[in-house]
Amino acid sequence: MYNFTVAAFGGGCWSPESSLTLIQTEPCRPLNVSAQTFCESEEVQLSWYQTGHGANYSVTAMGSLGYMAVYNTTGTLYSATLPCGQHYNVTVQAQSSRCHSTPSSPFFFKTGPCAPRDVVTSAQCGSSVGSVSWGPSDGAESYIARATGLDGHVHLCRTNTTSCTWSELHCGEQYAVTVGAEADHCIRLSGNSSVIYMNSCRPQNLAASVDCDKKVVSLGWDTNNRTETYAVSAETGDQVIGLSTNITTALFSEFTCGQNYSLTVTPYNQHCPGGSSASTSVQTWPCMPEGISATQDCLSGIAVVTWGSSNGSDYYTAAVQTDAGVSKMCVSDAGACSISGLTCGHNFSVSVTASNQQCNVTSRETASLQSGPCIPTDVSVKMDCSNNSAAVSWSPSRGALRYSVLANGSHSDDSCTASDLSCLACGADYAVQVVAEDDRCSSRPSQPVLFESGPCPPHNLNVQLSCLSNDLTVTWDAVRHVDHFLVSLTAAGGETGELCNTTSNVCSTSNLTCGHAYTVQVTSVRGDCQSEHNQSRSIHSAPCQPQGVSGHLDCVTNSAWISWDAAPGAESYTVSAVGGDAYTANCTTSNTTCEVEDLACGVSYNFTVTARNGQCESPPSASIILRTAPCSLSAITAFAQCHNSSILVEWGLTEGGGAESTLHIAVAEASDQTYLTCNSTGGSCFLRGARCGLRYTIIVAASSDRCSSLRSPPYRISMEPCAPGDVSVDVSCEHHSALVSWTPSPVADTYRVFAVAANGHERACNATSSNCTLSGLHCDQRYTVSVVASHENCTSRASPDATVITGPCQPSGLSKTFHCDNQSAALTWAPSDNAEDYYGCAQAEDGDRLCCHSTEPGCTINGLVCGKVYSFSVQASNGTCNSSSSNAVQIAGAPCPPQSVEVQELPMQMESQVMRFTWTEVTCGEPEYLLTLTGSLLGDGHALFEISSYWTNVTYFEIPLPCSSSYVATLRSRNAAGMSDKSAALNGTTAPCPPSGAKYSSSSSSVSVSWNSSVFATTYTLYSGSVSSQRRLCSTAGLSCSLTNVSFSSLVVTASNAAGESQPANVMEVTATSRRRRDLREKRIRVNGDLSAPLLDVTHALPTIVFLQWSPVEDASFYSLLVRKQGSSDDSQELTVYGESVILSDLSPDSAYCFSVSASNAADVSGPESEPVCVQTGRGTTQ
């Protein structure tokens, strides 16, 4: 740095110096640049030498790997941090505020190697190999890897690669691994050590033990440290049990008894499994014996204990023990052993212990063994004579549940079937023994005890009575082993007397009292016992002679009334009347009064009374004499006047020819002891006041003395019957009849019942008793019923009317509706008059019956079983009667139509598309399904088809259909009961046919590809190459695509809709032209301002079917299509079409046709024809 002043000199003089100016010269170039590096860090100590004035310095460091750094400092020493592993050149430039020195000469040096990075360790589980790898370090010339175990031993590896492997690492160790990069005696270590985790060492000295009480197996082993987990495995047969533990013992509580387990231990740490230990085996405790049973042979007394063999057992010990401590045992290596000498009558508890070298296991289940009962003692017999039975007693036997008494008699009695002594054979000698029993065994019989049974009763007891003398003789059959017989006679008053005590079989007595009832019994006697009175005979002595006989005459009826005192022992009486040698009469009664009728006039009668019972009659009573009055008048006649309450009586004159003025009196005695009289001087008179239902006895007398001789013989007559009363009607619903009953009318001989319905129907029946059945009644009718009684020529008045309503008529018009969705049937029918309830029933072929009830003519039967055939009928009821069942109608429990019908369209192949139809399964028996498709081809209403599957039991079916077809799919199901209705229709179309007439044309500026329309197509797609390559060029709803820079080769076009895509149609090349095919939907240019000509397109769908489509013409109302058949002058036709398309399906095969179309408007103005399009039909389809 320099200070400058300026002084002027002139004329020998110096001017004063100017003010001081400081000028700094450029810094000097730094010299002796040097660098000092440090192996352990990335710090570099830079220094240089500076001559001249001090300055600022710029230090530039350039690394070989592109690193560059610039540092500024004011000193000549600078510590910089430079990336490791690079060769550097360093220059220093001194700088002042105005100038910089030239850079120093570069100094070259190298930093230490970079520490290895991305250090990764690994161990090969199951071996002693471990490895380490790392990323390359900049500046490294070689590497050194160190693996240090936890116990301090070291494994080294030097390499000039980026990995190291050690093959003798120790099991169970953790190695801390460091990697150092080395260059120029400088080693740079990796920042953090990595660890190699070796697999755990194999466990040693496995030892297993069994805790018999807890049923636990314990396993222990030796191993090194640093094992985190042990997996212990126990195997036997196909059973494997595993557990994990972090200690060197394991307890198994899941082991099965009687098994030999192989035990292994595998150590694990979080990085590697160790090697499994050598296996050791352990035998578990024996399985507990089961199925223990014990039986004792009743004859030998030897007990046999059996059990099911248990796994793991070497031998078994069977023990029997009582509650009192009495015990015995036996040992066996099989499943049974025997014990002898058991005390009788004890209940033993039986257990079995299974043993092996480790454990003894006693069965939890025990069996019970009852030793045979002891022999009964102190047997005694006590005879019960009252019922000829014996009571046997004895001292209790230990172990006995019951006892059997064995009685051996000298005789048997078939009528005595009891197995005990409650019924002994009479007259027999018995020996009795007692046997004690339990549920299995019987003791030996006790010592026999002898006794005698009671006597047999006498048989065939017979008594004979002499009615005249009242002497009695009794006989019977002799019986065995009887001491004597006792014969007793018991009067009805209870007094009993002994007739005989005899050893014979006959006993007689005399002079029984008349009119008494007696009971005779004979009893056998043996020792202290008498036989039972199983036979007795009742006998009545002859009745006593009637006493107190008296009588009087009834002159009107010419009969005698006789009465007497009741005679002891009499059941009935007979009155006998004897008048001389020619006249007799009698009457019989159980009373003590009797009327003897029809006595002759003027005869003297002797009357006697005789008493009778079932065996004898008494002597006749003392007689009395009565004389009847004479009858001098001739016979009379009488006529009942029906419904006039009178009787006409006629008679002849008195014998001897008296005057006609003689007054005669007619007297009538009614059956109710009332009288009617009339008199006349002539030969007749009327008895007034006669009543219905009475019988009258009439006489005519010439005086008021009815018993005078001037009287007639009696004449008997009956009036008309009274009207029947209490008429009741009981309807028989089943037989359409009614039983009519009434109170009988006296004197009636016959009855007639009348029934008249509201509709005029009449029925009648006749009867001689008080009921009658009306048959053939009409249903649903109200009948009025009356009864008339008849006697001879008279009929009674009609009874009060009774009303009866017959049962409902059979329901008609039964119809049914089956609901397959809920398996019910709705029934309806025509209502029945007077019906209150209806019952509809469904009867299945297997007898299952379901019913419904309704008060209206309709009801629903639920719960029908799908797949069954039911017969339905209905009955009407009016609360009293049920109608007959209606004519049956059948319903088959047919299934519902399949639901959820869906279709999956498979890809089009050879212009045919397979339609896969699926549906939900119908749950109804074993259903089958039928798929039916109806539709049209190419949208033509004349080209129709119908396709059906066969009946199948799967829920899917595949049917191929031609392209551009529309269809309606329906399904039916069926089972054994019938066929369902059609399912809901599924409408759809197949994928369209490939577009026809695909053409390629190009102009100078563009390329156009056009095609004809395809039926049911919604989109057309143009591809380059093939469809599968999916190189799509154009997708449109129109009939052409305009493209640029597209070559003709391998162009294809497809038509598609929701059902799929057609097969590709190849595009044909045509000569280049400036014209292009226009879309059918574009507007046509008008000609002369009028209708334009349509653009016609023809698709040859099938050999004789074409589809014609043209562009719409503005203002057109309809179109005229001209069809010309080539080669024929008169085979052409014109069709009127409303719309822009039509299908022609009736073309002739092998013929050429040309088509053109023109538009017409509402004013009937026609436009020009389109350009004609010609096609050649095919050969058609051979039918």
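1. A disulfide is taken here as a pair of cysteine sulfur atoms within 2.5 Å. By this rule, the predicted model contains 25 disulfides.

2. Cys257 and Cys287 are linked, with their sulfur atoms 1.9 Å apart. The link is right-handed, with 95 degrees about the S-S bond. Cys287 is buried, at 11% relative accessibility.

3. Cys330 is joined to Cys337 at an S to S distance of 1.8 Å. The torsion about this S-S bond is about 50 degrees, so the disulfide is right-handed. Cys330 is buried at 9% relative accessibility, and Cys337 is buried at 11%.

4. Cys467 and Cys616 form a disulfide with an S to S distance of 1.7 Å. This link is left-handed, with -65 degrees about the S-S bond. Cys467 sits in the loop between β40 and β41 and Cys616 in the loop between β53 and β54, so the pair connects parts 149 residues apart in sequence. Cys467 is partly exposed, at 31%, whereas Cys616 is buried, at 4%.

5. For Cys28, the closest cysteine sulfur is that of Cys99, 12 Å away and too far for a bond. Cys28 is partly exposed, with a relative accessible area of 32%.

6. Thr970 belongs to strand β82, residues 965-975. The residue is buried because its relative accessible area is 14%, under the 20% cut-off. Its contacts beyond four places in sequence include Leu930, Leu931 and Lys982.

Methods:
Residues are numbered from 1 along each chain as its sequence is written. This is a predicted model: local features need pLDDT of at least 70, side-chain atom pairs count only at pLDDT 80 or more; totals for chains, interfaces and linings use all residues. Side-chain values use heavy atoms; hydrogens and water are left out. Helices (H or I, at least four residues) and strands (E, at least two) are DSSP runs, numbered from the N terminus. Buried means under 20% relative accessible area, exposed over 50%, partly exposed in between (1.4 Å probe, protein chains only). Contact means heavy atoms within 4.5 Å.
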